[in-house]
Amino acid sequence: MSDIPDYRFRTFPASVSAEGTVEPDTAAWLRVESQGFHEDDPSDTALGDAARNLVADGRQLTGVYVDQPLPGSYGAHMPVATFADFERTINVGGGRLLPAHLISSVTVRPTHRRRGLLRRMMTESLDRARERGLALAALTVSEATIYRRFGFGIATSVHHIDVTTDSRFRLLTRPSGRVELADARVLLDIAPRVFARFHERSTGSVDRQERYRWRSAGLQSDKGGPDARIRAALHYDDAGEVDGYVAYRSHGWDTTPLTVQVVDLVAASDDAYLGLWEFLAAIDLNDRVRYHAAPVDDPLRWALADSRSVAVTELEDWVWLRILDPIAAFEARPYATEGEVTVGVHDDLGHAAGTFRIAAADGFATVTREFDAAPEVTVDASALGSLYLGGADARVLAAAGQVSEHASGAVGRLNRLLASDTPIYGISHF
């Protein structure tokens, strides 16, 4: 990476020695990342867990360093900014899994902001992804005002829900299959297999990183070491195959009403999803179940005799997408309707800039760059990311001033063309 005066940029792979010791550069980077997100300074156990997970993910870490720190401040080995990227697939519809560039762990020390550090890390990371031929980049964010200027737009969202599990909780129809309690540690092996099935069926899903299975199995916690409060249940289909699981913990007598917190719920079928909720509602001495990654279009509400048992406490933007190669990206996703539209894209970073004709037929699209044709609609790169999966309505974005129409009816055609034939939903946060 090129430098900004007074700063050094280093990109290196997360590393653990053959003896299992976290390499010093990785350890310092992790400590700074934890501070940036207001987490406890990691114990040696937590540090080792986190580093091994980063290695398993294949993450590239970027740190920004100062050579002459002020006396008494953090030393030169501690970065003033952190950034990580790695590759995973995104389900762009119809079970099509497209490799994508994932960005995570972005922090800048408060005393070193507004120096261009984030912009340098981000732009060079996106450049590397584009050079590797990746059509999409994605991130999840802690602050929603930062990333539009880099061309990211909200593509998926989730609901935080509280579900009252008193006598009012009753499903209108009984889901097939059955649920049994299990030692949470079985999820270390079962969770990735079940998630792979969920990932393949769920438009908007992002393939998971290593830490998920360890935390769902109760073998890792934020403080390091096992989490003894994790419990698990498995859903079996009628053939006896596991097609869903839930990892959860109870807040016990510390809360009123008594509350069960869902740590991870993965269902590879609709029956598994409802069956696991039926189980959660049946847990003794429990008045409420809390889940922070429920679908916006949640079948649970429609499955209950009293839909008011489900209270939405928050709508959270989840995955933000950035189109790096419009032709490759839009030819990779499926199309439920036929039609065509010419779209002009403004992109300050240049990756998606241009005018493109999208012509869909028989479930696929041909996308061509147009040099002479006038665009029928124009968007900026962030709006393009929001529209890509079909989770955003082009008509709504037009009403919000994020899509401009230049030919009558073009926004409607764009909306019909990009609409997904399945709900948009993912449960991976990174």
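Before I turn to the strands, a definition: two strands count as paired if DSSP finds at least two bridges between them. Please keep in mind throughout that what we have here is a predicted model.

With that in hand, strand β1 pairs with strand β2, residues 60-65, in the antiparallel sense over 6 bridges, and within that pairing R10 has G63 of β2 as its bridge partner. These two strands belong to an open sheet of 7 strands with mixed pairing, in the order β1-β2-β3-β4-β5-β14-β6. Its edge strands are β1, at 8-13, and β6, at 153-154, each of which pairs on one side only. Packed on this sheet is helix α4, residues 187-201, which touches β3 and β4 and whose direction makes about 75° with that of β3.

Let me move to another set of strands. Strand β8, residues 178-182, runs antiparallel to strand β9, residues 231-236, with 5 bridges joining them, and here E180 stands opposite L234. On to β10, residues 242-250, which pairs with β9 in the antiparallel sense over 6 bridges, Y236 having V242 as its bridge partner. The hairpin of β9 and β10 has 5 residues between the strands, and in this hairpin G240 takes a positive phi near 85°.

Beyond its neighbours within four places in sequence, L280 is in contact with V246, Y248, V260, V262, L265, N286 and V289.

Key: Residues are numbered from 1 along each chain as its sequence is written. This is a predicted model: local features need pLDDT of at least 70, side-chain atom pairs count only at pLDDT 80 or more; totals for chains, interfaces and linings use all residues. Side-chain values use heavy atoms; hydrogens and water are left out. Contact means heavy atoms within 4.5 Å. Helices (H or I, at least four residues) and strands (E, at least two) are DSSP runs, numbered from the N terminus. Axes are lines fitted to C-alpha atoms, for helices over the stretch in contact, and angles run from 0 to 180 degrees between N-to-C directions.
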